[in-house]
Amino acid sequence: AIARREAVIAFEVATALEALAHAELPPGIVARSAAQLDEDELRLLDDELRQDVPGASGWRSTPEEFREQTFADPAFDPRTYLVAVHQGSGSLLGLVRVWMNLRGPRLGLVAVRRAHRRRGIASALLADVLRAVAGTGAEFVSAEYDLANPASQALALRVGAGGYVLKRAAD
């Protein structure tokens, strides 16, 4: 059975930054680098957020796996893996990560906990991460999203990826 149908896209960093120019985190929420946070809390957030990713249901990582696949990955850049944190409680609300691969930056995940969605958190985090990506001189970011996810598709169109569908894949 097909668990996921995805579009593999690329978008221009400059165009995306222009589209996200007014994106700001809501009051009381700040962006922190994943490198500044408790690894176990970040792993649990990642596990929770992946439950909403088609084909990843049931995903759970061990602390060792998470550390190896995150912080030990050569593509990890603390400037391009940001987490939204509630200032009062310290709870982690969502994240955006871009892997700085040798072939070019790749957007790995944009996700926010269900109770905090539709408040602009994902857009604001993405804008912050893309400013860091732009600082490296990279002009494009690749990504993929599930074709059945209207929020992902809307975000892709918003950042200008509509004309850059590289291929459609099915698992």
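Trp99 counts as buried because its relative accessibility is 11%, where buried means under 20% relative accessible area, exposed over 50% and partly exposed in between, with a 1.4 Å probe and protein chains only. The model is predicted, so local features need pLDDT of at least 70 and side-chain atom pairs count only at pLDDT 80 or more, while totals for chains, interfaces and linings use all residues. Residues are numbered from 1 along each chain as its sequence is written, and side-chain values use heavy atoms, with hydrogens and water left out.

Across the whole structure there are four aromatic pairs; rings of Phe, Tyr and Trp (its six-membered ring) pair if their centres lie within 6.5 Å, and planes under 30 degrees apart count as stacked, over 60 as edge-to-face and the rest as tilted. One of them joins Phe71 and Phe76 edge-to-face, at 5.1 Å centre to centre and with 70 degrees between the planes. Phe76 is buried at 16% relative accessibility, whereas Phe71, at 23%, is partly exposed. Tyr81 and Trp99 form an edge-to-face pair because their ring centres are 6.0 Å apart and their planes stand at 85 degrees. This pair links distant parts of the chain, with Tyr81 in strand β3 (residues 81-86) and Trp99 in strand β4 (residues 92-101), 18 residues apart; helices (H or I, at least four residues) and strands (E, at least two) are DSSP runs, numbered from the N terminus. Ring pairs connect Phe66, Phe71, Phe76, Tyr81 and Trp99 into a cluster.

The largest nonpolar core has 33 residues, and Leu107 and Leu126 are among those with the most contacts inside it; such a core is a set of buried Ala, Val, Leu, Ile, Met, Phe, Trp, Tyr and Cys residues joined through side-chain atoms within 4.5 Å. Helix α4 (121-135) is one of the elements that each supply at least two residues of this core, and α4 gives the most, with eight residues. A second, separate core of 17 residues includes Leu42, Phe76, Val83 and Ala111.

The structure also holds nine salt bridges, each a side-chain nitrogen of Lys or Arg within 4 Å of a carboxyl oxygen of Asp or Glu. In one of them Arg67 meets Glu39, with the closest N and O atoms 2.8 Å apart, and this pair links helix α3 (residues 63-69) to helix α2 (residues 39-50), 28 residues apart. Within α2, Asp40 and Arg43 are three residues apart, so about one helical turn separates them, and their salt bridge brings the closest N and O atoms to 2.4 Å.
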